[in-house]
Amino acid sequence: MSDKGLPATFENPGLPPHIHRAADDDPRAAKRAERQVAALFTLSIIGTLGFIVSYFAVPNDTTVFIPFIGKTILLNILLGVTLAVSLLGIGFGAVHWAKTLMSDEEVIEERHPIASSDEDRAKAVGILNAGAEQAQLKRRPILKATGATAMGLFALPLGVQLAGSMGNPTKALEESKETIWDVPEGGKPIRLVRDVERTPIKASDVAIGSVFHILPETIKDSKHVLADKAKAAVLLMRLHPSSFANDSLGEKAKSWGYEGIVAYSKICTHVGCPVGLYEQQTHHLLCPCHQSTFDVTRDCNVIFGPAKRALPQLKITVDDEGYLVAPQGFAEPVGPSYWERKK
Ligand code: FES
């Protein structure tokens, strides 16, 4: 006893006696556990394959009604369920394998110097081999095959999603030129309508110095209003014709407008914020996100800030009734610049 009344040393309590599991002693129980683990891994494989098939085969605009949730997109449900099956199959399979078949005997490992000798390394390899033996990898090839396949395939959904989200950059560039301002060959010019009210606007409604938030009349037929609106939003301003710069940029801006009324994409060419601030005195358009500034008198060229490209202009004119119309879509992609653009 120490002078504080505590024992000087503690008795080693030792390890509790090992309790044998059914699969340790009964080969039939072990076989049953093996089949259960293989079934769980197989379930994971089915889940992974289901995920990939759903990703490619199910359209992303098909909806289903689900009680307590309501109308929802079928593809999202399928991807969620199949990914859950895939994950749970691997998780439950691995836990069940460890609990029923892998060795559960506790071992005591003596401490030894950190640097290991060749002899120790050889011993480590021996231990790893013994571990593989204890996991019964060699004796149960079905577990090895299904487990390895389940875990190998599990990485695929991630790859598929990554590849899907990257898409084809050239196609993305082409698509960024397409907006609902595009007029089909021989089609009627599209009227400009006020954003929110959706009422058409006459040239005579636009006073010098005023600014309007504009959408194409075709927005009413859109099936994807938010996505279409995000690309087609336009700012309309009227300047005195003498305010335009006396150079090729000013001339171009004027000629694509109507009596000093000009329309430009509202989507900032930096990273896509809406350019919403018009300084009437200076004729500058300002993006509130990172302060890119565009000069309306010079075809919305960038005069300040991180944007590298002018705002695309929408060509406009008037129809027989005096309403402002766009005879064609944007001539260049709207929104942020991409790496394959020249500037
Ligand atoms: S998004 Fe407009 S300046 Fe950055």
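The surface comes first: the protein chain of this predicted model exposes about 21100 Å², and carbon and sulfur atoms supply 61% of that area. Accessible areas here come from the Shrake-Rupley method with a 1.4 Å probe, and for residues only the protein chains shown count as cover. Of the 343 residues, 35% count as buried; buried means under 20% relative accessible area, exposed means over 50%, and partly exposed lies in between (1.4 Å probe, protein chains only).

A few words on how to read the values. Residues are numbered from 1 along each chain as its sequence is written, and side-chain values use heavy atoms, with hydrogens and water left out. As this is a predicted model, local features need pLDDT of at least 70 and side-chain atom pairs count only at pLDDT 80 or more, while totals for chains, interfaces and linings use all residues.

**Overall form**

The protein chain has a radius of gyration of 34 Å, whereas a compact globule of 343 residues would have one near 20 Å. That radius is taken over C-alpha atoms, and the globule rule is 2.2 Å times the number of residues to the power 0.38. Along the principal axes, the C-alpha atoms fill a box of roughly 100 × 55 × 45 Å. Within the chain there are eight helices and 13 strands; these are DSSP runs numbered from the N terminus, with helices being H or I of at least four residues and strands being E of at least two.

Contact means heavy atoms within 4.5 Å. Among contacts in the protein chain with a separation of 6 or more, 61% are between residues 24 or more positions apart. The side chains include 37 positive and 38 negative ones, and the centres of the two sets lie 3 Å apart. Lys and Arg count as positive and Asp and Glu as negative, with His and the chain ends not counted; each charge is placed at NZ of Lys, CZ of Arg, CG of Asp or CD of Glu.

**Two nonpolar cores**

A nonpolar core is a set of buried Ala, Val, Leu, Ile, Met, Phe, Trp, Tyr and Cys residues joined through side-chain atoms within 4.5 Å. The largest one has 24 residues, and Trp181, Leu192, Leu236 and Leu324 have the most contacts inside it. Two or more residues each come from β3 (190-194), β4 (211-216), β5 (234-238), β6 (261-265) and β13 (324-326). Apart from this core lies another, of 18 residues, among them Cys268, Cys273, Tyr278 and Leu311.

Leaving aside neighbours within four places in sequence, the contacts of Leu192 include Trp181, Ile214, Leu236, Ile316 and Leu324.

**Two residues with positive phi**

Most residues other than glycine have a negative phi. Arg198, though not a glycine, has a positive phi of about 60°. Arg198 lies in the loop between β3 and β4 and is partly exposed, at 37% relative accessibility. Gln291 is another non-glycine residue with a positive phi, of about 65°. The loop between β8 (284-286) and β9 (293-295) holds Gln291, which is partly exposed with a relative accessible area of 41%.

**Places along the chain**

Thr293 sits in strand β9 and counts as buried, at 8% relative accessibility. Not counting residues up to four places away in sequence, Thr293 touches His284, Leu285, Leu286, Asn301, Val302, Ile303 and Phe304. Glu251, in helix α8 (residues 248-255), is partly exposed with a relative accessible area of 39%.

Met102 has its place in the loop between α3 (74-100) and α4 (118-134). Met102 counts as partly exposed, at 27% relative accessibility, and touches Arg21, Trp97, Gln134 and Ala135, residues up to four places away not being counted. Phe330 lies in the segment after β13 and is buried, with a relative accessible area of 6%.

| Pair | Apart in sequence | C-alpha distance |
|---|---|---|
| Thr293 and Pro306 | 13 residues | 9.0 Å |
| Glu251 and Thr297 | 46 residues | 9.1 Å |
| Met102 and Val275 | 173 residues | 63 Å |
| Phe330 and Lys99 | 231 residues | 64 Å |
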